[in-house]
Amino acid sequence: MTNALEAVGITKTFGAVRALTDGRLTVARGEIHALLGANGCGKSTLCKIVAGAVAPTGGTVRMAGADVRFRSPRDAERAGVALFYQELSLIPQLSVCENIFLGRELKNGPFADRKAMKHRANDLIALFDGVCGTGLNADAVVGDLPPDQRQIVEILKVFAQDAKVMIMDEATAALDGRQSQRFFEILKAKKAEGVSTIMISHRLDEVFAVCDRITVMRNGVTITEMDTASTTRETVVHDMVGDVRAAAEKVDFIAGRAPSLTVENAFSASIRGVSLVAYPGEILGLAGLQGQGQSALLKGLFGSDPFTAGSIGFANGAVQIRRPSDAVMNGFAYVSGDRGRDSAFQGRSIFENIVAALMVQKRLKIIWPSQLKPQVNKVAEDLKTKFAGLDMPIGTLSGGNQQKIFIARWLATAPKLLLLDDPTKGIDLGAKADLFALMRQQADAGATIIFYSSEDSEIIDYADRVLVFNGGRISAELKGTDMTSVNITRAAYGDAA
Amino acid sequence: MNSNQSRITALIADPLTIAIAASVALLLIGEILSPGFAQGTQIVRLLTVAAILGIVAAGQNIVILGGREGIDLSVGSLISLGAVLAGNMMNGQNSGIPLAVIVAGGIPFLIGLINGIGITFVRIPPLVMTLGMTAVIQGGLVVYSQGVPSGAAAPLLSGFINQPLVFGIPGILFVWVAIAAIMLFVLRRTSFGFAIYAIGSNERAATLVGLPVQLIRTLIYGFSGLFAGLAGVCVIGYTGTSFISVGDQYVLPSVIAVVIGGTSLAGGAGGYLGTMAGAVALTILQSVLITLNLDVWARQVIFGLTLLALMLLYGRQKKLRV
């Protein structure tokens, strides 16, 4: 029997970065196949290549035994590969029906056959009958729907293509238990019809309940492929991790200290009841697969995406954080990994880029550069930032040096709580080391530091304690010798340590 | 040597230098076309006209610096409103001047704030908001004045704008210099000025350092209204009486002056010195065109073309820099 889809020796480089060195994936006809791996292992890139959204640098993709070369997602669709997009492909102003058939309208002669499309859309919606809540119908405007129903529309959009291979990348993220259950039932029914599914999921529970086979990737290479029935969770986790990385001896910060920060039962769009404490002098790491609520927690604490419920206590008192200025006034600082979007005042000088936060916190009305420059210069130099002068535009600096400037922006305010949201994204190794040295220095001076990193190794090496996130909740708290890559990966996939 | 060279290139490419050079060149052309064009009293006269445009452009300048497609098309009708209100407060009496300035500045300021609220909180695009406001003000003016011009400038105000105060220079030029000093100080030395550049450069980043982005943007439009209203007071002082569309001719030039001066229409970069030079250059250009006996519509065409040519020029420059 030929396989529905085969990818062999796939490589992909983005500039100097090798995302894939040996991607392999074999999906049989009529099976549900899990693709697992830690952040950055290449599983998303491999899926995009198979779906024609990214062109491979090398390697072969075969469908039903024949070589194929997709130049666009549309090419792949014609060949029978459908990719699930996490909310990215829906147009909020259009109806459910229009979204489902966007770009592949059913035709009656030269004209769009609205009646047929509506009929088909309603049939598709009926798949989720009884679990999708009210208000989901062919004519509903997508922008008015709640997140779970929008995700169902995304799923239906994939189903509508009657593909041979469906790629479901975190398709159940916004669904509740019953909706996910129904989704898997549909996948099983499709399996019986000979349709294959490639599933990326952050829950090992789901994987072991639903998938027939598992492919594990690590560092851009496919490591193993196995039958779910003949393997264990332990094996899968170890395959994802590779060499077990364990933390060096860690100082126990909890002993005899009072916490500086307490969060109780916080909720927001991507957080479902998070409680935690953090201590002065501590570097607390947040880990887990991407988008499981780590950034949302930091943004909630900083007020840029405030919690909808729950309470925050800081330095022995309850604090209300409704907007970033509240957080700044409480001595919080937030550094984003997305520098261009969240931090940089392009076209403005390094000096202006640094004093922005200071002027808010100190409620400065008048700014005398001659008075502030020595102070600003010192912070920037402490960070080993290389720059010609404070009056140079920020854009003249490299990415790593820019990130140092945005950290200097906050260090100038002497923050008591430093929130770092994947701060080392796209910066060089030297700058990374400087950054972590600086975090430790701030912690030793009494600040509380919470940082999210998409690289587990950074957390194991530099955090004193780690909270692992899964589906908007904390799935494990690890400290001391328990802070190993195996434990983190297991918790990232929803299994308690 | 090399850095000297690059410094010279930078100076030549600087919009401020270009605007000043253009002003001098236009003066020479004017002098050739009509001897006496560039004589002292004539230059003072040109600067007086430029001052009024410069005051309007101060408001336009901060609106554009604030980014998010910032533009204030209501300045024309706000100038008219300021002029009509000031005329009615003064009625030719010197004693009415303080009240005239307060009312003609205050009401346009409040209307500007409404512009700002619509743009920041209701998220109406600036172009639409200020264009809609223009219609409201113009209609309101017709109702208020019943279509007939009323009121008159106080002699003291007319003298302040048209007659030399000291050294042959009229008072309005000192006012303009004072406004310029305030503008430069605010933009370069106050957190409000820094915040204007910040929200114009990256609104999201400005929010994330805790700046009150919405308040700042609202105030910017308020101040634009204030400057337009004050320019209206100057206009009635300059012409003696007002009519309800007296400010219309300032809308396009106020934008062009800002752009000539090197302020990016995308926001976040530029300043008032360049805008002042832009206002002067534009006023001289207008004067040259009048000398050439071009009527108002032909001048309109040239102004429009100037703006478009500038956009083309600066747009290309930016691309080269990246």
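The model is predicted: local features need pLDDT of at least 70, side-chain atom pairs count only at pLDDT 80 or more, and totals for chains, interfaces and linings use all residues. Residues are numbered from 1 along each chain as its sequence is written, while chains are lettered from A and ligands numbered from 1 in the order in which they are written.

**Figure 1. The two domains of chain A.** Chain A is assigned domain 1 (5-241) and domain 2 (261-492). These bounds come from an automatic or database domain assignment. The domain centres, taken over C-alpha atoms, are 34 Å apart. Eight residues of domain 1 and 13 residues of domain 2 take part in the contact. Two residues are in contact if their C-beta atoms, placed from the backbone, lie within 7 Å. The side of domain 1 that touches domain 2 has four nonpolar, four polar and no charged residues. Here Ala, Val, Leu, Ile, Met, Phe, Trp, Tyr, Cys and Pro count as nonpolar, Asp, Glu, Lys and Arg as charged, and the others, Gly among them, as polar.

**Figure 2. A four-stranded open sheet in chain A.** The strand order is S14-S13-S16-S17, and the pairing is antiparallel. Helices (H or I, at least four residues) and strands (E, at least two) are DSSP runs, numbered from the N terminus. Two strands pair if DSSP finds at least two bridges between them. Strand S14 (271-278) and strand S17 (317-319) of chain A stand at the edges with a single partner strand each, so one side of each has no neighbour in the sheet. From one strand to the next, the twist averages 25°. Strand S16 (residues 309-314) of chain A runs antiparallel to S17(A), joined by three bridges. Helix H9 (residues 294-302) of chain A lies across strand S13 (261-268), S14 and S16 of chain A. H9(A) runs at about 70° to S14(A). Axes are lines fitted to C-alpha atoms, for helices over the stretch in contact, and angles run from 0 to 180 degrees between N-to-C directions.

**Figure 3. A six-stranded open sheet in chain A.** Its order is S18-S19-S20-S15-S21-S22, with mixed pairing. Strand S18 (332-336) and S22 of chain A are the edge strands, and each pairs on one side only. Direction ignored, neighbouring strands are turned by 20° against each other on average. Helix H17 (residues 485-492) of chain A packs on this sheet. H17(A) touches strand S15 (283-288), S21 and S22 of chain A, and its direction makes about 30° with that of S21(A).

Figure 4. Strand S21 (residues 465-470) and strand S22 (residues 473-479) of chain A pair in the antiparallel sense, over six bridges. A:Leu467 stands opposite A:Glu477 in S22(A). A:Asn470 has A:Arg473 as its bridge partner.

**Figure 5. Helices H4 and H11 of chain B.** Helix H4 (residues 75-90) and helix H11 (residues 213-239) of chain B pack at an angle of about 50°, their axes 7 Å apart. H4(B) is therefore oblique to H11(B). Angles under 35 degrees count as roughly parallel, over 145 as roughly antiparallel, 65 to 115 as roughly perpendicular and the rest as oblique. The crossing is right-handed. A crossing is left-handed if the near helix is turned anticlockwise from the far one by less than a right angle, and right-handed if clockwise. Among the residues that meet are B:Leu78, B:Gly82 and B:Ala86 in H4(B), and B:Gly225, B:Ala228 and B:Gly232 in H11(B). The contact has twelve nonpolar, seven polar and no charged residues.

**Figure 6. Helices H2 and H13 of chain B.** Helix H2 (residues 15-33) and helix H13 (residues 272-291) of chain B pack at about 20°, with axes 9 Å apart. H2(B) and H13(B) are therefore roughly parallel. H2(B) passes H13(B) in a left-handed crossing. The contact divides into 16 nonpolar, six polar and no charged residues.

**Figure 7. Where chain B meets chain A.** The contact joins 18 residues of chain B to 23 residues of chain A. H9(B) gives the most to chain B's side, with five residues.
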